[in-house]
Amino acid sequence: MSAPIINDFSIRVATANGTGSQSSNTILFKSLFRMGIGVCAKNLFPSNIQGLPTWFQIRVSPKGYQNLREEDDIVVLMNPETAHEDLARVHAGASVFYNADLIRFNKEELKSGTVLYALPVEELAKKIVDAKLRTLLKNVIYVGALAALYKIDKETLVSVIQDQFKNKAAAVSANLHALELGIEFASENLKKADKYEFKKGTVNTDKIIIDGNTACALGAIYGGCTVVAWYPITPSSSLAETMESYLAQFRTDSDGKAKYAIVQAEDELASIGMVIGAGWAGVRAMTATSGPGISLMNEFIGLAYYAEVPAVIVDVQRVGPSTGLPTRTQQGDILECAQASHGDTKHVLLFPSSPGESFEMMQAAFDLADRLQTVVFVMSDLDLGMNSWVDQELNYSEKKFDRGKVLGEKQLDQVKQFGRYLDVDKDSICYRTLPGTNHIKGAYFLRGTGHDEFSRYTESPEMFMKNMERLLNKWHSAKRFVPEPILSGQPKSKVGMIAYGTTHHAVAEVLDRVKSTPLKYLRVRAYPFTADVEDFVRSCDRVFVVEQNRDGQLRQLLEIDIPGHQQKFRSIKCYGGFPISADFVQRELEKELGTR
Amino acid sequence: MESNNRIGLSKNDYVGKPSTLCKGCGHDSITNAITQAYFELGVPPYEVAKFSGIGCSSKTPAYFIDRAHGFNGVHGRMPSVATGAKLANRRLTIIGVSGDGDTASIGLGHFCHSARRNVDMTYIIENNGTYGLTKGQFSATSDTGSKNKRGVPNIWPVIDCCVLAIELGASFVARSFSGDRKQVISLLKAAYSHKGFALLDIISPCVTFNNHDGSTKSYTFCKEHDVPLQELGYVPAAENIHVEMKEGEVRDIELHDGSHLTLKKLDREYDPSSKMGAFHAIEEARKSHTLLTGLLYINPLQKDLDSILNLTDTPLISLGENELVPGAEVLKKINQSLK
């Protein structure tokens, strides 16, 4: 047998939705994490509750790269429906575990060198007495088999199972029993015949496992959000649900009363309406949704832009247009959000690439919304929002809230007059007052119709244009406040790459891989683009914009906002719904550069 | 000249900008009634927040209580904005003005759900059965057979917003006629004192597009067919109830803030605490082409949104940063739980 491959390979588990696979997959993933191995996991699931194919992929790598390989090295085939297709995808040297009671392979299907591990899952499962649990625990048997063959630490497995089913002793013992069935069978009947090995490491010391939706929810709580209105939509629902449970934990006063309000609204229009009402009344308010929700919210978004009301919207992007692929990922809403609503509108977008950054950017989003008195979008996606990521621990910020320009009763005493849209400081950001302010100068009548500096109705073309120009200037001024882009690679190179959000992980790995090719890379973290982005584009002869949509949406914004460089841009696009990988980006890049 | 009210303000402190609606518009009577009611109640203007959507009705919040903040949003979505503001600051007195297009068509979903949540607000429908601002199309509250200005009858069934609101959980539902100033003012005061969703469906004739013969929302029709359920009296909390009527003639309802609404029986027995009674009366009135006005339904004890959500007594807007941020230690524990 050739030299062992240690901690650098991929596992794919094929199951059917609703068979308890999520729980068994998590046990495996978390155990590897606790063994200090660099690990990444992604769940590729259907828009369905029970019965359709689901794949769970785990990649282990010394550096813990958070994107998948295109090839699988170990596959676990539990779903007869996809088994033959899944088998056809594996490379010659792969290892195949399969439910031998349900799946039979023909000789022609097998590539030479493939190592087969037959698991009589149905037969073994008969030993699980409880019929209801039996189906759900079949998948734990495969975990046991892998554990025996690849020496996954049993103590760790047990601790993960205990933590996962806290307070449910029966569930813990049932899972341990199933695990043992797998271990016992594999130890007695299977002989390891491949080169893949796990070795305990130390790369996860300061790390946690967290999905982006949980991180956004916590970021919003730490950012002082008090009103949440939302409507269920995949992949954002878990954000609001997680937030509700954390809020109940951290924001209940001594009388058991809530220091927050969370409302599941009747639709996305009402969600954003409540957020805008709350923002106007002075609290930090947000909604979480996905592309179809943004489409519905468009009219209200225009109102918040034009009448200047703070609001935070998290868009956990999924595949559009239309209902599209609801459980698959895309960066397809960039243009939709950048210019949401009719008329001339421009919005502020933030692009988190990891849970840690989601946590930070949620806090930043509330500051920005208050400072700029406008809608701020946090552009997450399904991959980030719903997958479990291995990331640095969440970082506590000592920074105080920036509530922006609000005049209270004392300040109103000191001003000669109050006009809601008077550009007093000549920075295009005006002062606002909040309803409930007890002052004769304080009140104003907000309207989505044409208004003058005192928010009075007007149809004057001059006044209208003056106001719109100020709004444009205000949008430009956002550049002073948004997170700056991050430069890496070889700074003197004339070949640049631009990526944002979850695409970052694939691009960053490519940079590690192609060290001999001079490349530099700018990770854009916000829209509008700061001067650094323009400088980067100017300094390059060619710029590859890597993103997960068909039309090169960020590239289009770059072409419009940094004019004169159109010929430099090339798109690298992956938009079929599965997360982009370094393998894909490297291949496309090398094709373009002629180095392949 | 009227004297100042209990908080020392004059009626002038409750007026707004001059109306730009058509001369004689029913909406202007409602605007005046709001001004009068809030002045007489002595509501501090800064505690009021006014909301509206789009349409003739939705312009009116600019015409009363200029000293209060106002929010004129998008078509049909007033209830959601008002709900958000109320969540943010539970001390605000919320008054929303909508129209029949705004409420019964484009915003029907939001209307239903704000009633269902029993948001503590006064929700006024200035109901003229027509789209005035777009020049006279039928609305969903136009009666079947009612004619438009060109004499064409409405072929569609009518939506009764009061029936809907009662069914969906609104805790105060009344119908009135903009021409009955006294009734409108009494209902506005009672709605203010009520804690929960108070719907006032006020028939308000459109003098330009829906005031002709053959319309069931014209001044003449409404005056001729108005049948008040009760004679209403509002007694503020500070004053003793003193009713000079025979026992059995008056029903007294204590409202949330300690004020009282007295219902003097007219020619019929009516129990406004019965949902079924209200449905029956509204259906009978519809059949007999009468405009039944007065308090149709009330449940002063029903939980409002703030209570359902168990909100802290301090308005959310008044919570400081230290009360909102769970802190570094908690984050450490969260990190620990995610390993």
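Colleague: At what angle do helix 7 of chain A and helix 12 of chain A pack, and how far apart are their axes?

Modeller: This is a predicted model. In it, helix 7 (residues 212-222) of chain A packs against helix 12 of chain A at about 35°, and the two axes are 7 Å apart. The crossing of this pair is right-handed.

Colleague: Which residues of helix 7 of chain A and helix 12 of chain A meet?

Modeller: From helix 7 of chain A come Gly212(A), Ala215(A), Cys216(A), Leu218(A), Gly219(A), Ala220(A) and Tyr222(A). From helix 12 of chain A come Pro355(A), Ser358(A), Phe359(A), Met362(A), Gln363(A) and Phe366(A). This contact divides into nine nonpolar, four polar and no charged residues.

Colleague: What makes helix 12 of chain A largely enclosed by the rest of the structure?

Modeller: A residue counts as buried under 20% relative accessible area. In helix 12 of chain A, 16 of the 18 residues are buried, and therefore this helix is largely enclosed by the rest of the structure.

Colleague: How does the span of helix 12 of chain A compare with the one expected?

Modeller: Helix 12 (residues 355-372) of chain A reaches 25 Å from its first C-alpha to its last, which is close to the 26 Å expected at 1.5 Å a residue. Just after this helix, Gln373(A) takes a positive phi of about 50°.

Colleague: Why does Thr214(A) count as buried?

Modeller: The cut-off for buried is under 20% relative accessible area. Thr214(A) has 8% relative accessibility, so Thr214(A) counts as buried. Thr214(A) lies in helix 7 of chain A. Beyond its neighbours within four places in sequence, Thr214(A) is in contact with Thr242(A) and Tyr246(A).

Colleague: Is Arg447(A) buried or exposed, and how do you know?

Modeller: The relative accessible area of Arg447(A) is 12%, so Arg447(A) is buried, given the cut-off of under 20%. Arg447(A) belongs to strand 18 (residues 445-447) of chain A. Not counting residues up to four places away in sequence, Arg447(A) touches residues including Ala307(A), Ala62(B) and Asn72(B). Although Arg447(A) and Ala307(A) are 140 residues apart in sequence, they are 6.4 Å apart in space, C-alpha to C-alpha.

Colleague: Why is helix 5 of chain A called roughly antiparallel to helix 6 of chain A?

Modeller: Helix 5 (residues 154-164) of chain A and helix 6 of chain A pack at about 150°, with their axes 9 Å apart. That angle makes helix 5 of chain A roughly antiparallel to helix 6 of chain A, because angles over 145 degrees count as such. Helix 5 of chain A passes helix 6 of chain A in a right-handed crossing. Among the residues that meet are Lys154(A) and Leu157(A) in helix 5 of chain A, and Glu180(A) and Ile183(A) in helix 6 of chain A. The contact divides into seven nonpolar, two polar and two charged residues.

Colleague: What makes helix 4 of chain A oblique to helix 6 of chain A?

Modeller: Helix 4 (residues 131-150) of chain A and helix 6 (residues 169-189) of chain A pack at about 45°, with their axes 6 Å apart. This angle makes helix 4 of chain A oblique to helix 6 of chain A, because angles under 35 degrees count as roughly parallel and 65 to 115 as roughly perpendicular, with over 145 as roughly antiparallel and the rest as oblique. The crossing of helix 4 of chain A and helix 6 of chain A is right-handed.

How values were computed:
Residues numbered from 1 in each chain as written. Chains lettered and ligands numbered in written order. Predicted model: local features only at pLDDT ≥ 70, side-chain atom pairs only at ≥ 80, totals over all residues. Heavy atoms only, no water. Axes fitted to C-alpha atoms, helices over the stretch in contact; angles between N-to-C directions. Helix = DSSP H or I, 4+ residues; strand = E, 2+ residues; numbered from the N terminus. Left-handed = near helix turned anticlockwise from the far one by under 90°. Expected span 1.5 Å × (residues − 1). Buried < 20%, exposed > 50% of the residue type's maximum accessible area, 1.4 Å probe, protein only. Contact = heavy atoms within 4.5 Å. Nonpolar A, V, L, I, M, F, W, Y, C, P; charged D, E, K, R; others polar.
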